[in-house]
Amino acid sequence: MIDAPLDVRLLPSDFVASEVLAQFQSAYRQSGAVVSFTGSVRPDNGVNALELTHYEPLTLPGMVDLAGDALARWALDGLLVWHRVGLMVPGDPIVLVAAASPHRRSAFQVVDFMMDHLKSAAWFWKRERTAEGWRWIEPRDQDFQDRARW
């Protein structure tokens, strides 16, 4: 079931993005627009695993606060933000953000806003495993620039 108007979750196990999105769209049939983004583990540069850890007292509350800010800033019917933690392999979904609104512009902006903040200001630590071992992944300068535009 989708929680309305905000459904923010931190998930230790896999989810099927298409099924979650179908539930979200069904919950917001009255909306003129539903926009979504699904981020998945890429096999780039020989990556065979991705691990996300987090600081439990801050991660979910911070995500809820960020989603609440988006809900207050844009005309939205609903917002879904699901983020994985733990060990994942290429092809696994990491994050799903979906926004339902009366008009497309708000939905696009909210998804973009949420991802820019999740990429550079969230309470996650990310590392990748390759044949050479584990390496930590830091936000790029572009990630900080993307967030600064908001």
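Which strands do the buried residues of α1 pack against? The close-up views below start there, in what is a predicted model.

**View 1. The buried side of helix α1.** The buried residues of α1 pack against β2 (33-40), β4 and β6 (93-101). Helix α1 itself spans residues 17-27, and its buried residues are A17, V20, L21 and F24. These residues span an arc of only 95° around the axis, so they are on the same side of α1.

View 2. Now look at the face of α1 turned away from its buried side. The exposed residues found there are S18 and E19.

**View 3. The aromatic pair of W74 and W150.** Counting aromatic pairs in this model gives 5. One of them joins W74 and W150 in an edge-to-face arrangement, with 5.8 Å centre to centre and 80° between the planes. The two partners come from distant parts of the chain, 76 residues apart. W74 belongs to the loop between α2 (56-73) and β4 (78-84), and W150 to the segment after α4 (141-148). W150, with a relative accessible area of 26%, is partly exposed.

**View 4. The aromatic pair of F113 and W150.** W150 also pairs with F113, again edge-to-face, and here the figures are 5.6 Å centre to centre and 90° between the planes. F113 lies in helix α3 (residues 104-121) and W150 in the segment after α4, so this pair ties together parts that are 37 residues apart in sequence. F113 is buried, as its relative accessible area is 5%.

**View 5. The three rings as one cluster.** Which residues form one aromatic cluster? They are W74, F113 and W150. W150 takes part in both pairs described above, with W74 and with F113.

**View 6. R127 and two tryptophan rings.** Here a charged group meets aromatic rings: the charged end of R127 sits over the ring of W134, 4.0 Å from its centre. The charged end of R127 also sits over the ring of W136, and there the distance to the ring centre is 5.7 Å.

Notes
Residues numbered from 1 in each chain as written. Predicted model: local features only at pLDDT ≥ 70, side-chain atom pairs only at ≥ 80, totals over all residues. Heavy atoms only, no water. Phe/Tyr/Trp six-rings, centres within 6.5 Å; stacked < 30°, edge-to-face > 60°. Helix = DSSP H or I, 4+ residues; strand = E, 2+ residues; numbered from the N terminus. Buried < 20%, exposed > 50% of the residue type's maximum accessible area, 1.4 Å probe, protein only. Lys NZ or Arg CZ within 6 Å of the ring centre and 35° of its normal. Arc of directions from axis to C-beta. Contact = heavy atoms within 4.5 Å.
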